[in-house]
Amino acid sequence: MFSNLEFFLIEALRSFRRGALMSFVAVGTITVSLVIFGMFMLMILNLGNVIGNVSSKMDIAAYVDDDLSLEQAGAIQLKLAKITGVEKVDFVSRTEAWQNFKKEFGDSLMLDDLMRSNPLPHTFNIRVRTPDLLTTVAKQISRVDKISEVRYSGQLVDQIKSLVEAVRIGGAALVILISFATLLIVVNTIRLTVLARETDITIMKLVGATDTFVRWPFIIEGIIMGVLGGVCAFIILRLAYWAVVFRVAKALPFVPLMTDGWVLLVIYLSLIVGGTGLGMIGAYISVSRVLKAEE
Amino acid sequence: MIEFTNVSKTYPNGTEVLFNVNLHIGKEEFVFVVGPSGAGKTTLLKFVYRAEKPNAGKVIVDRVNVVDLESKQVPYLRRNIGVIFQDYKLLPRRTVFENVAFALRVMGAPRSTIRRKVMQALELVGMLRRATAFPEQLSGGEKQRACIARAIVNNPPILIADEPTGNLDPTTSWDIIQLLDKINKRNTTVIMATHNKSIVDDMKRRVVVLENGKIVRDQQLGSYHV
C-alpha cells in the first residue's frame, strides 16, 4: 500500500502538470465558484448581524408626568424590575433628562430663552430579554401606577422579526443552492480533465487495475485542485472583505460589519475545506462515470 | 484452458455478431482466428478478458465461467491474460520502461520486482536498448514489441493478440509472429485474430475460421483458405 501511495501521488502530480492548462482552468473555476459562495455567506451573515444589532437596541420607555420623590421612583423601579422578561430598568429623572438634553442641543438652541420650565417627564428605560417579549412587557408596564405613557417601536419589531426570519430562510436556501451550483461546476470541470485521460483509464483497466486503483490518482489530483482553488478563494475574499470593511467603516460608520475573527476564520476555513471536498467528490464522480462506461 | 459453449452475442443496437459458437482451446496451443472484417473475431477475443459479455452461453477461462464473474473480480482475471492490439495502446507520455512497468504497478508489485521483471520482458522482446524511448520515437514494430512486453511481463498463461500485425509491413509482421511463437513455446496459450494470409499459411498452426458470426472451419495445421 505504501508503494501504491507513492505511485498515486506521483501519478496525480504528473497529470496535474501534464495538463497544465486544464488544471489551471479547473483551479480557476473552483476559485471563482468558492469566491461567489463565500461572498454570499458574508453578505447573509452581515445582514443578520445588522438586523440583530437593530433589534437588540430596542428598549421600552415609560414616562411619568407627575412629580416623583426619590423613594416613589425607587418603588416604581422595583415594581418594573419584577415584571417577567425585564432585564434592566434605569431611572432618568426629569432634571437629569433636561440636563442631558441641554448638553446635547444647548449650543444650537437657545433653550433657556424658549422654555422657562423643564418640559420633560421622568423616564424609566426598560430593556427586555428578547425582542418578542416587548409587547407583553409593555402592556404590563402600562398597568403600573403613575406610569402615564409607554413607548416602544412594536410595529417595527414585528417587521424586523419577520425580516430576520426571511433572511435566515432565504439565506439558507441560497447557500444550499449555491453549494449545489458550485458542486456541479466543479464536477464538470474536473470531468473534463478526467475525460482527457480516458485512454489512460482504459489501458489501466486492461492491464488489470482495480477501480479503486484507477480512482486514487484522480482523487488526489482533485484534492490538489480543490485545495489550490480554496486557498486562492480565501486570499481573494479576505483581501476584498478587508477593503469593504475599511470603506464602510469610513463612509457608513453606523453599519456594523462583522469583524469577529472567529466567525470570519470559520468562513475562510470552510472555503478551503469546501474546495478540498468539492475537488475530491468531483474527481470521484467523474472517474466513476468513465469506469462505468468502461464496463 | 479456454472453452466457449453455445456463445451468442447481439449488440444493443440489434447487430448480431456471434451465433452459438462452440470452441475449445487447450493449454499452450497457438490458434489463429481468421475471417473477414465484422465476422466477430474481436468480439470473441474480448469475451476471454471480459471486455464484452455474451448474451448467452458460457466462456470458461482456466475453469472459471467469466460470464458470471463479478465486476470486482475482472481485474484479477486480466492480470492472467496478456492482450496486444493493432493500435498498441501504449501510454503516450511514458517511456517504454514505464509502459511495461505500468502493468506491474497496477498489481502493487514492489519496485525491485518491477525492475527485474520489466528488464526480463524487454530483453525477451529485444527492446532493452529502447527502454528509455517514448512511444512516438518508436517504429511500428518497436511499438508492438513494447506492447508485447507489457502483455507478458507478468508471465500470464494466456496471450490474446487482436490483429497485432495489422499496421506493420510484412518483414516486421514476420518478426512479431516469431516473437509470439517464442512466447508460445514458453508455455503460453496464444490466440491471435488476423487477416494476414501469408503468416497463417507459413505458420501451419490451428486455424479457426469465423464467417458471419459462425465457425465455418476449425483445422489443425491449417491454412487461410481451404
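1. Basis of the note. The model is predicted, so local features need pLDDT of at least 70 and side-chain atom pairs count only at pLDDT 80 or more, while totals for chains, interfaces and linings use all residues. Residues are numbered from 1 along each chain as its sequence is written, chains are lettered from A and ligands numbered from 1 in the order in which they are written, and side-chain values use heavy atoms, with hydrogens and water left out.

2. The contact between chains. Chain B contributes 21 residues and chain A 18 residues to the contact, where contact means heavy atoms within 4.5 Å. The area buried between chain B and chain A is about 1900 Å², and carbon and sulfur atoms give 59% of it; buried area is the accessible area (1.4 Å probe) that two parts lose on being put together, summed over both. Of the area that chain B buries against chain A, 27% is supplied by Arg94(B), Arg105(B) and Val106(B), more than by any other three residues.

3. Salt bridges. A salt bridge here is a side-chain nitrogen of Lys or Arg within 4 Å of a carboxyl oxygen of Asp or Glu. Two salt bridges are counted between chain B and chain A; in one pair, Arg94(B) forms a salt bridge with Glu11(A), with the closest N and O atoms 2.8 Å apart. Over all chains the count by this rule is 12 salt bridges. Arg94(B) lies in the loop between β6 (81–85) and α3 of chain B and Glu11(A) in helix α1 (residues 2–18) of chain A, so the pair joins two chains. Helices (H or I, at least four residues) and strands (E, at least two) are DSSP runs, numbered from the N terminus.

4. Helices α3 and α5 of chain B. The axes of α3(B) (residues 96–105) and α5(B) come within 7 Å and cross at roughly 25 degrees, which makes α3(B) roughly parallel to α5(B). Axes are lines fitted to C-alpha atoms, for helices over the stretch in contact, and angles run from 0 to 180 degrees between N-to-C directions; angles under 35 degrees count as roughly parallel, over 145 as roughly antiparallel, 65 to 115 as roughly perpendicular and the rest as oblique. Val96(B), Asn99(B), Val100(B) and Ala103(B) of α3(B) meet Ala146(B), Ala149(B) and Arg150(B) of α5(B). By class, this contact has five nonpolar, one polar and one charged residues, where Ala, Val, Leu, Ile, Met, Phe, Trp, Tyr, Cys and Pro count as nonpolar, Asp, Glu, Lys and Arg as charged, and the others, Gly among them, as polar.

5. Helices α4 and α5 of chain B. Helix α4(B) (residues 111–125) packs against α5(B) (residues 140–152) at an angle of about 135 degrees, with the axes 9 Å apart, and that makes α4(B) oblique to α5(B). Ala121(B), Leu122(B), Leu124(B) and Val125(B) of α4(B) make the contact with Arg145(B), Ile148(B), Ala149(B) and Ile152(B) of α5(B), a set with seven nonpolar, no polar and one charged residues.

6. Helices α8 and α9 of chain A. Helix α8(A) (residues 198–206) and helix α9(A) (residues 211–251) pack at an angle of about 150 degrees, with their axes 10 Å apart, and are therefore roughly antiparallel to each other. Ile201(A), Met204(A) and Lys205(A) of α8(A) meet Asp211(A), Phe213(A), Val214(A) and Phe218(A) of α9(A).

7. Backbone. Asn155(B), although not a glycine, has a positive phi of about 50 degrees, and its place is in the loop between α5 and β7 (158–162) of chain B. Asn212(B) has a positive phi near 50 degrees and is likewise a residue other than glycine; Asn212(B) is placed in the loop between β9 (206–211) and β10 (214–219) of chain B.
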